[in-house]
Amino acid sequence: MVESQCPNQGFTMKHRLILTLAVALIGAWSLVLSAKSTASPETAGESVRLRVEVDRAVLPAETTEKAVIKIALDGLRLPRRETRPPVNLALVIDRSGSMNGDKIINAREAALEAVRCLAPDDIVSLIAYDTRVETLVSAQQVGDGRRLAAAIRSIEAGGNTALYGGVTRGAAEVRRYLEDRSYVNRVILLSDGLANVGPSSADELGRLGVSLMKEGISVTTIGLGLGFNEDLMTRLAQRSDGNTYFVEESSDLPRIFAAELGDVLNVVARRVVIEIEFPAGVRPLAFVGRDGVIRGQKAELTLNQLYGGQEKFALVEVEVSPCESGGEREVARARVSYEDANSRRSATLTAKRTVQFSASRTVVVESADHRVQADYAANVMAVAKDEAVTLVDSNRRDAAAIVIRKRAEELSKMAATYSNNAVRAVAAAAAPEADRVEKEGLGNAERKAYRAESAQVKSQQNSGLSQP
Amino acid sequence: MLPVSRRIFLYWFLLLVPTLVVGGGAILLLRREQARLAEQGAYAEEARRAAITARARLIAENVELLVGDVQTGLLDTLAAQPGQGLEAFLDQWEKNNPLVRTTFRSTAEGRLLRPAADAPTEAERGFIRRFSREFVLHPPWSQSLSAEHFAPANPEKKASEEEATARKEVTRNVAQIQAARRDVQELANSSQLADAPSLMKRAAAAKGEADRQEAGTTERERANGVSRYSSDDSKVRKSRSLAAPASAQAKDEAVERRGWRVPSVEGRLHLLGWVQPAPGGEVRGVEVELTALVSRLAGALPAEIGSGEGYALRDDQGRILHQMGAVPRTGGPAARVPLAGALLPGWDVVGYLTLDSNRSGASSGFFGMGVLLVAIFVTAILAGGSLLLWQARRSEEEALQKTSFVANVSHEFKTPLTTIRLYAELLEEGRLRDAAQGKDYLRTISRETQRLARLVNNALDFSRLEQGQKKYAHDRVDLTAELSRLLDTHGPRVAEAGLKLGRALPTQPLFIATDRDAVEQIVINLLDNACKYGADGGEVIVMLAPRAAGGAELKVADRGPGVPQAHVERIFEKFHRVEDALTAEKTGAGLGLSIARQLARGLGGDLRYTPRVGGGAEFVLDLP
């Protein structure tokens with residue numbers, strides 16, 4: 001690979017040196033200035049923006065109406081690349097027999113690419129697993145990366161797949177620097193096979209993901225080829241708030257690693273807890289897409305991190321009790337607490353949203369927020385597809401098709417009502433898919449694509465790359 | 001047998017006996033060595049098995065320590081929490097502690113207070129599904145009355161406790177020995193013993209890992225639900241709990257009850273811990289996230305192990321949770337150490353020993369190779385000895401033949417010389433009746449001289465052939481004409497010997513490419529042979545015929561006594577004579593036929609003997 005694919009750091013060591021000098025100069029200058037001005041307080045709060053949106057600003061009056069509330073978090077792009085928080089990364093690479101050939105070569109290339117993207121003070125550990133798990137490089141600073149590169153090049157394929165052990169070891173390596181809270185902690189798991197040593201059910205790995213997320217460790221899973229267990233891989237990633245990718249061609253690996261590193265290097269906030277409070281008269285029904293918890297009038301959702309330049313959101317379906325026309329009512333009050341990845345300070349944001357009520361249909365239709373509706377549509381379809389996969393698995397293709405069709409119908413009705421083209425496109429794409437699922441079921445590649453796509457939509461993962 | 005031969009045999013015998021003795025001795029030693037190796041291998045294997053068992057025990061102990069620490073830590077945290085604000089604490093705990101799967105509260109009767117019946121999360125609904133019925137029917141706290149550690153009352157419990165005690169003793173011993181070893185090692189410092197340091201390091205590492213985990217876990221548990229990110233608070237609480245006076249603790253324990261239960265629901269184990277702060281009061285508890293706990297248990301396995309060793313932690317269904325080293329797919333484990341039933345029933349630590357597949361074969365292979373080498377050695381010596389013996393015998397025979405040859409040749413030369421001398425003297429003295437008689441004498445002298453010349457020719461040819469210096473010309477020769485001329489020349493001599501010389505030659509000339517002199521020599525020798533031995537038969541016939549495949553076939557046949565069967569091939573050997581004695585009736589050096597055959601073969605043909613039909617000898621010369 002001649003050209004570096006690092007999304008965040010296209011510069012070489014030489015550039016880095018110049019930058020470091022520049023930073024040192026700026027630092028010295030700022031020291032001089034600091035006598036006059038104290039650290040600007042708004043920088044801490046600026047890494048995240050919170051928005052509360054409703055699918056329609058005006059709801060029909062005098063009726064119990066369902067509405068969709070979108071709690072959106074924008075990770076603002078970091079102002080300076082060199083000030084990003086350091087990364088604590090574990091690369092967990094499958095080297096079982098099935099990885100033989102191009103796959104392992106591309107995986108090595110991808111890992112090397114990842115190392116190239118990191119700065120000398122980032123922490124990296126390298127774990128390879130087949131039947132047994134081997135820590136090739138225990139958690140340590142990248143430095144000049146030579147030792148890591150040598151270890152990566154030494155990876156050869158052969159043996160079984162101790163996936164659980166690999167993740168566990170990766171997490172253990174990450175844990176060594178967990179106490180230093182400045183790091184963004186991440187395990188990147190690459191596998192092309194079924195886990196066949198150690199716990200290997202999607203449920204168990206999902207629970208491991210939950211437990212790792214509690215520690216602030218996310219696991220990104222990269223499924224390669226058509227042999228891996230996509231349920232397990234997506235579950236592990238989703239539950240730990242990591243990304244998930246499905247790569248059919250191993251030659252795409254370096255790009256995927258680069259995209260993932262782009263996210264990891266761009267973390268602006270961590271331990272993001274979204275709490276939504278609904279006033280009386282607004283009853284939260286369910287989260288759409290994400291696994292949040294609703295207790296009474298409160299809903300809660302935790303994200304492990306927020307990436308710069310990306311929007312992450314939660315959609316909550318609510319039921320709003322009748323209100324007279326012309327009235328106004330608060331529908332949701334959101335509070336987000338997070339830790340700023342850069343300054344390492346805790347911060348809290350609040351936002352609320354009111355809606356108006358009108359008897360006029362036109363007013364209601366015109367008040368529609370097409371983007372919220374489109375997001376809602378995409379998530380509804382993602383959930384429907386997940387459901388469809390489960391149904392197809394239990395050999396009920398007709399039921400799966402019905403689920404997709406029903407959702408598509410609802411969405412197209414919505415699209416027609418509000419003349420929302422984005423929603424219409426989602427609904428239109430679903431109909432032929434339903435037919436295909438009914439007739440042919442889901443092929444291996446399709447199933448993987450469904451799962452990965454669904455997971456990516458639900459977690460607003462930023463990757464057009466993984467579309468097979 | 002001659003004395004010389006006997007001596008040679010004696011030498012050979014002297015070689016044979018020690019060789020066989022040495023060979024036998026070597027095989028005997030090899031067999032003993034093999035037995036010793038096998039024994040050593042068995043000992044080594046046994047020792048390794050024992051080491052593996054000990055290590056497996058150590059791992060089991062570490063796992064138990066880890067699980068025990070987690071359990072104690074969790075329950076301490078739970079117990080220390082005041083009733084007020086408990087719900088909020090449990091919420092936080094669930095959210096932040098990776099080891100906590102679900103928390104619960106229940107009345108003493110087993111009615112679940114938390115999670116609420118309309119639980120919103122899948123985890124909580126799962127908990128209710130799994131345990132709500134079980135709690136009402138058999139509340140865990142109602143079964144154990146005073147036990148600090150609850151365990152289901154079954155006969156296995158006692159056994160496992162005994163086992164645990166025994167294991168503790170073992171580890172204590174190991175630790176003791178290790179401490180002593182460490183002292184010695186510090187003294188010796190650089191002198192690294194084979195297995196001892198690595199074993200110790202391993203153990204120390206494992207222990208260290210355990211300690212680290214323990215510290216980490218307990219600290220986390222003692223964080224009492226406050227997010228682990230606010231470490232200040234956790235430290236305060238920790239120091240407080242450590243500083244708590246023993247009496248207060250004792251007082252606490254007098255009223256507080258706690259325990260663990262490991263029910264298997266839906267085919268899976270669940271680790272439930274409970275605390276009842278006041279007798280008959282509300283019970284609070286926690287279900288441990290087993291997957292997270294298991295992921296931490298990887299630290300209990302040794303970081304480095306010997307080659308061929310493998311360890312695995314297995315759950316109650318025999319699934320491997322963690323493994324280290326070589327764990328074969330088939331074959332039973334070398335050691336199996338079950339974990340204490342009260343902690344994780346059915347779980348075990350297994351150690352595997354993969355023997356080098358060619359290790360057991362190695363000793364027998366060693367033996368086989370040794371025997372092969374000895375056999376080669378003995379065979380080489382015996383073969384060499386035999387070869388020497390054969391060579392010696394041949395030399396001896398040749399020496400004898402040469403002696404006989406010299407005697408025969410001398411004798412042969414002497415006969416014509418005597419005749420020549422006799423007639424020469426007669427001529428010299430002039431004792432002649434008439435001139436015709438003088439002519440007759442001279443003819444005799446001439447004839448005897450020719451005979452002498454032939455003898456000398458033969459001797460010369462023999463010498464050349466022996467030295468391989470004989471050169472052959474390849475001229476185009478009309479064999480018919482050449483043979484006619486030769487028979488004309490030698491006709492009188494044959495007639496003198498009392499034989500009628502018959503000839504059966506083709507009417508046409510028969511051309512072949514050959515050496516004229518060599519053919520002539522062969523024919524003369526054959527005729528001489530016929531004159532010498534076939535004189536009684538009264539005839540000798542020379543036949544020539546072209547061969548179908550080209551070349552010619554020449555036969556010289558007589559009606560003599562023929563050759564005895566035993567001598568048919570040997571008559572062509574040099575110096576061989578059917579009757580080999582100076583006193584024999586017929587004189588000769590035993591060279592004629594030998595030379596004839598060598599010449600025939602030198603020409604690319606052959607000379608062979610066949611008994612003549614109707615009696616007599618027939619020599620056939622094939623010429624290409």
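Helix H12 of chain B (residues 479–496) has 18 residues and spans 25 Å from its first C-alpha to its last, close to the 26 Å expected at 1.5 Å a residue. The expected span is 1.5 Å times one less than the number of residues. Helices (H or I, at least four residues) and strands (E, at least two) are DSSP runs, numbered from the N terminus.

The model is predicted: local features need pLDDT of at least 70, side-chain atom pairs count only at pLDDT 80 or more, and totals for chains, interfaces and linings use all residues. Residues are numbered from 1 along each chain as its sequence is written, and chains are lettered from A and ligands numbered from 1 in the order in which they are written.

H12(B) bends by about 45° at B:His490. The bend is the angle between axes fitted to the seven residues ending there and the seven starting there. A proline, B:Pro492, follows within four residues. Just after the helix, B:Gly498 takes a positive phi of about 90°.

The buried residues of H12(B) (20 or more other C-beta atoms within 10 Å of their own, placed from the backbone) are B:Leu479, B:Leu483 and B:Val494. Their packing partners in chain B include helix H13 (516–533) and strand S15 (539–546).

In chain A, four strands form an open antiparallel sheet in the order S1-S3-S14-S11. Strands pair if DSSP finds at least two bridges between them. S1 (48–54) and S11 (282–288) of chain A stand at the edges with a single partner strand each, so one side of each lacks a neighbour in the sheet. Antiparallel strands S3 (65–75) and S14 (310–320) of chain A are joined by 11 bridges. A:Ile69 stands opposite A:Val316 in S14(A).

Key: Buried ≥ 20, exposed ≤ 12 C-beta atoms within 10 Å, placed from the backbone. Contact = placed C-beta atoms within 7 Å.
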